[in-house]
Amino acid sequence: MSLSVKHLLGIKELQPEDIETIFRTADNFKQVLQRPIKKVPSLRDTTVANIFFENSTRTRISFELAEKRLGADVVNFSASGSSVSKGETLIDTVNNILAMKVDMVVMRHSASGAPWFLANHIDAAIVNAGDGINEHPTQALLDAYSIRERLGGVKGKRIAILGDIMHSRVALSNIFCLKKLGAEVTVAGPPTLIPKHIQDLGVRVEYNIKKALEWCDVANVLRIQLERQHKPLFSTLREYALYYGVNKDMLDSLKKNIVIMHPGPINRGVELNSDVADSKQSIILDQVENGVAIRMAVIYLLSGKGGEITE
Ligand code: CP
């Protein structure tokens, strides 16, 4: 079992077979995570640095748990409170961490492309934990894995990605991943939040949220990323919630039960109402749970350790 890539920078570079290998490996790690002792010693001679230049709750904790459950040593670095504030560069920062015998780097950065830049300058394996508005590959993998788990597969399923597509690395990685796995994808939201030419990626565009919900088997609802919007792209959050938010009345009016997903953090009452986020149709916490097994699989496969993983 191995991947065709040395780093996990984006889903764009993966082959469909890589994604299937990650899923099969994650299946094994999900079993490990059901045991009383949720740990294997596969990476006990490996040290992983999680370096986060941007805020995170789920991704950072999920990577740290995944690494610890593989038996790895873990160091965590946050740009705030570090020597980055004194002007130290990204490459100097990472080379200093690697000089302390670190084997693998998991990085989140606000600059799109930062993990590719780093990969050109260091030897250690890099996992992209989200770069600007570009890619968030492990989120897309855990999203597709959660769809596979709930619906028995991804091929042929209709997935609607709703909301702020323009500023979403989750949207782009999901589109790459779902298309590679044979799903049909529609993106839906206000015209100002959908990039021009996105149809070139093989997706449909819909501006009416209700029509997108009527079409899909799964709705992946995305957060409005106000922190990345440098000019107003819609009038008010209230107006956004009214025209583009997903609520229970809307779901009840459909003639079927669709699956609701959200990568988090949720702006409750804006893109998603609590009566949907906390409903039986929602698999939001399953996504979070699956994130640990998916990240264990990615770290394990990139480590090149091979061998028995469920010992
Ligand atoms: N889904 C996601 O990336 O969440 P965090 O920003 O909390 O890591």
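At 86% relative accessibility, K255 counts as exposed. The model is a predicted one. K255 is placed in the loop between α9 (248–252) and β9. Its C-alpha atom lies 7.9 Å from that of E214. In sequence, K255 and E214 are 41 residues apart.

Most residues other than glycine have a negative phi, and most peptide bonds are trans. K101 has a positive phi of about 65°, although it is not a glycine. The loop that holds K101 runs between α3 (90–99) and β3 (104–109). K101 counts as exposed, at 68% relative accessibility. H197 also has a positive phi, near 70°, and is a residue other than glycine. H197 lies in the loop between β6 (184–188) and β7 (204–206). Its relative accessible area is 58%, so H197 is exposed.

A cis peptide bond is found as well. It joins G264 and P265, with omega at about -5°. P265 belongs to the loop between β9 (259–261) and α10 (274–277). G264 is also one of the residues that surround the ligand.

The ligand comes next. Around it stand S56, T57, R58, T59, R108, H136, Q139, P263 and G264. In the side chain of S56, an N or O atom is 2.6 Å from an oxygen atom of the ligand. For T57, a polar backbone atom is 2.8 Å from an oxygen atom of the ligand. For H136, the distance from an N or O atom in the side chain to an oxygen atom of the ligand is 2.9 Å. On its own, the ligand has 260 Å² of accessible area, and the protein covers 91% of this.

Aromatic rings form another theme. A pair of aromatic rings is described by the distance of the centres and the angle of the planes. The structure holds 5 aromatic pairs. One of them joins F29 and Y300, with ring centres 5.6 Å apart. The planes of F29 and Y300 stand at 75°, and an angle over 60 degrees counts as edge-to-face, so this pair is edge-to-face. F29 lies in helix α1 (residues 16–34), and Y300 lies in helix α11 (residues 284–303). The pair therefore ties together parts that are 271 residues apart in sequence. F29 is buried, at 0% relative accessibility. Y300 is buried too, with a relative accessible area of 3%.

A second pair is made by Y240 and Y244. The ring centres of Y240 and Y244 are 5.4 Å apart. Their planes are at 35°, so the pair is tilted. Y240 and Y244 are 4 residues apart in helix α8 (residues 237–244), which means that about one helical turn separates them. Ring pairs also bring in F234, which forms a cluster with Y240 and Y244.

Charged side chains meet rings at two places. The charged end of R60 sits over the ring of F52, 5.4 Å from the ring centre. R295 lies over the face of F63, and here the distance to the ring centre is 4.9 Å.

Helix α8 has two sides to describe. Y240 is buried, at 2% relative accessibility. The buried residues of α8 are Y240, A241 and Y244. These cover an arc of only 105° around the axis, so they lie on the same side of α8. The face turned away from this buried side carries the exposed residues R238, L242 and Y243. L242 has a relative accessible area of 64%, so it is exposed. The C-alpha atoms of L242 and V270 are separated by 8.3 Å. Along the chain, L242 and V270 are 28 residues apart.

Terms used:
Residues numbered from 1 in each chain as written. Predicted model: local features only at pLDDT ≥ 70, side-chain atom pairs only at ≥ 80, totals over all residues. Heavy atoms only, no water. Phe/Tyr/Trp six-rings, centres within 6.5 Å; stacked < 30°, edge-to-face > 60°. Buried < 20%, exposed > 50% of the residue type's maximum accessible area, 1.4 Å probe, protein only. Lys NZ or Arg CZ within 6 Å of the ring centre and 35° of its normal. Near = heavy atom within 4 Å. Polar contact = N/O pair within 3.5 Å; in protein donor to acceptor, adjacent residues only side chain to side chain. Areas by Shrake-Rupley, 256 points an atom, 1.4 Å probe, with all protein chains shown as cover. Arc of directions from axis to C-beta.
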